[in-house]
Amino acid sequence: MSTLNPTTVATANSIDQAVPELWNAKLYMQAQREMFWAQFEGEEGSGMPVIRKDDLTKEAGDVIHIQTLKNLTGAGVTGESTLQGNEEKLSLTQTDLTIDWFRHAVAITKRSKQRINFDFVVQAAQPLLSKLVAKKMDDDMFTKFGTATTALFAGDATSTATLDASDTLSCATLDKIKTYLGNALAMPLSGGNGQQYFGIVVHEFDAYNLRRDSNWIAAQRDANLRGETNPIFSGSMGVYNGMIIYVNNGVSNAASKSKCIAFGGETAFRGYGMMPSFVTQVYDYGFEIGVGMEAVYGQALNNE
């Protein structure tokens, strides 16, 4: 006489128990590692390119207020001149960041597998959802940068319409960008080595052109940083004239015309109302289970 194996019907509660808080932490940490812009995050006052504020008391549709400071530009006083009455006004600005939901999920049915191992489903979904969160937030940030109104052009071009095949990214273009940022009093990044830098993100096609520039080749051979451990250099292609070059194909490349993104400190903002977290659901009397993620966040550029 044979005995049938007992059957367990999944419930929402049993699935939730299979997704402990450890999974939430793992989802967030892996998403941070996958995210390009996460390496530039810092808290208010840090001077990092992306100022991040976590206000977990906020809900979708709420506003997170982020405070930033502009560089001091006053001349001060010398000798025995009176300082009182000659103080520089502290320029404090506030960015209001509206946050909203982002959600996504995957599902599997018993038709897909004769017996579903729920723990396996969660483990398989976690890295996929982490990558999706990272790509979504990076894509959003690249889109935000695409709305910037200041544009410089490579070569002798003066507009998008005048760009041609000879107007490629070069060290001369990097010099032009560096000069503009310095003149605009953009906040530089501290390299921790007594030097100050700006960053620029370029498309792989632009990186290809830059690597063929004889000035770039000489600079990397003779003067590129070696053994630099500051995180702002992580994953960079190299450094030229105080510009750290990063390569990421999130940069717009429509009609073979790339839009490189130059940045300094406090260039963009990111706020969380809820950190990326796992959610689960059971459908149709345990026939189908879903594993998903949800987060409440917002991002914006510093338009000051």
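Mentor: Some ground rules: residues are numbered from 1 along each chain as its sequence is written, and side-chain values use heavy atoms, with hydrogens and water left out. Since the model is predicted, local features need pLDDT of at least 70 and side-chain atom pairs count only at pLDDT 80 or more, while totals for chains, interfaces and linings use all residues.

Trainee: What makes strand 1 and strand 2 a pair?

Mentor: Strands pair if DSSP finds at least two bridges between them, where a strand is a DSSP run of E with at least two residues and a helix a run of H or I with at least four, numbered from the N terminus. Strand 1 (residues 41-42) and strand 2 (residues 50-54) are joined by two bridges and run parallel. E41 has V50 in strand 2 as its bridge partner.

Trainee: What joins strand 2 to strand 13?

Mentor: Five bridges do, and these strands also run parallel. In strand 13, R270 is the residue opposite R52.

Trainee: Why is C171 called buried?

Mentor: Buried means under 20% relative accessible area, exposed over 50%, and partly exposed in between (1.4 Å probe, protein chains only). C171 has 1% relative accessibility, so it counts as buried. C260 is at 28%, so it counts as partly exposed.

Trainee: Why is the pair of F40 and Y246 called edge-to-face?

Mentor: Rings of Phe, Tyr and Trp (its six-membered ring) pair if their centres lie within 6.5 Å; planes under 30 degrees apart are stacked, over 60 edge-to-face, and the rest tilted. The whole structure has twelve aromatic pairs. For F40 and Y246 the centres are 5.0 Å apart and the planes at 80 degrees, so this pair is edge-to-face. F40 sits in the loop between helix 2 (21-34) and strand 1, and Y246 in strand 9 (residues 243-247), 206 residues apart.

Trainee: How do you know that F40 and Y246 are buried?

Mentor: F40 has 0% relative accessibility, so it counts as buried. Y246 has a relative accessible area of 1%, so it is buried.

Trainee: What makes the pair of Y246 and F263 stacked?

Mentor: Their centres are 6.2 Å apart, with 25 degrees between the planes. Y246 lies in strand 9 and F263 in strand 12 (residues 261-263), so the pair ties together parts 17 residues apart in sequence. F263 is buried because its relative accessibility is 1%.

Trainee: Which residues form one aromatic cluster?

Mentor: F36, W37, F40, F142, F145, Y246 and F263.
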